[in-house]
Amino acid sequence: MVATAGAPLIGVLALQGGFAAHARVLRELGAEVREVRTPADLGGPPALDGLVLPGGESTTMTLGIEREGLAEPLRAFAASGAPVFGTCAGLIMLDRAHLGVMDTVARRNAFGRQVHSFEADLDFPDLDGPPVRAVFIRAPWIEEAGPEVEILAEVDGHPVAARQGELFVLSFHPELSDDRRLHAAFVERVRRRLEHATRRERAG
């Protein structure tokens, strides 16, 4: 069973952190959502078309992934080419030192502790309209990035948004803003891949 092209099925890692807010935004944008807590949630059936790794506490999230045996299934999912969207702690989880699926090194709490939370206006090269108002809470930044990583936005010279193939990461919390454009761009990317797979299946 495969989700229809009009309603992609997107998983949200739901071990800890802001998964409920991401799920709500995705549903508002017309996606079906499955909360992912175990390898069975990740693998289906039906298979997921995309995955969100939300913000939260990266150490707690790492422990939860190890406890549930999710590390290898998450790596396999990313290696399959399905779109993956990591925000804040999700950016950390995807880097070389954690799941190792993105050629980046994240610096945790790079902008300071929670009392140093702030907002900033960011321009994204592929996004129409005004700058994105980004909410940073105990945010990381990207300390190192390999040659295949495209930096999309920076704060004071520090990368805070990047893309590598179908991996898309932000160091801030788009789910806490009324601006849905970044989530919408991710959902559209998932839809395009799903439509391509459906066409290929019909042709075969």
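Is W141 buried or exposed? In this predicted model, W141 has a relative accessible area of 8% and is therefore buried.

**Aromatic pairs**
- Across the whole structure, a search finds eight aromatic pairs.
- In one of them, F111 and F136 meet edge-to-face, because their ring centres are 5.6 Å apart and their planes stand at 65°.
- F111 belongs to the loop between strand 5 (104-107) and strand 6 (118-122), whereas F136 belongs to strand 7 (residues 132-136), so this pair ties together parts that are 25 residues apart in sequence.
- F111 counts as buried at 18% relative accessibility, the cut-off being under 20%, and F136 is buried with a relative accessible area of 1%.
- F111 also forms an edge-to-face pair with W141, at 5.0 Å centre to centre and with 85° between the planes.
- Since W141 lies in strand 8 (residues 141-145) and F111 in the loop between strand 5 and strand 6, the pair ties together parts that are 30 residues apart in sequence.
- Ring pairs link F111, F118, F124, F136, W141 and F172 into a cluster.

**Strand 4**
- V84 and G86 point one way from strand 4 while F85 and T87 point the other way, and all are buried.
- Strand 4 pairs in the parallel sense with strand 3 over three bridges, and F85 is the bridge partner of V52.
- Strand 4 also pairs in the parallel sense with strand 11 (residues 167-170), over four bridges, where F168 is the bridge partner of F85.

**Helix 1**
- The buried residues of helix 1 (residues 19-28) are F19, A21, H22, A23, V25 and L26, and their cover includes strand 4 (84-87) and helix 6 (181-203).
- G30, which follows helix 1, has a positive phi near 95°.

Conventions:
Residues are numbered from 1 along each chain as its sequence is written. This is a predicted model: local features need pLDDT of at least 70, side-chain atom pairs count only at pLDDT 80 or more; totals for chains, interfaces and linings use all residues. Side-chain values use heavy atoms; hydrogens and water are left out. Buried means under 20% relative accessible area, exposed over 50%, partly exposed in between (1.4 Å probe, protein chains only). Helices (H or I, at least four residues) and strands (E, at least two) are DSSP runs, numbered from the N terminus. Contact means heavy atoms within 4.5 Å. Two strands pair if DSSP finds at least two bridges between them. Rings of Phe, Tyr and Trp (its six-membered ring) pair if their centres lie within 6.5 Å; planes under 30 degrees apart count as stacked, over 60 as edge-to-face and the rest as tilted.
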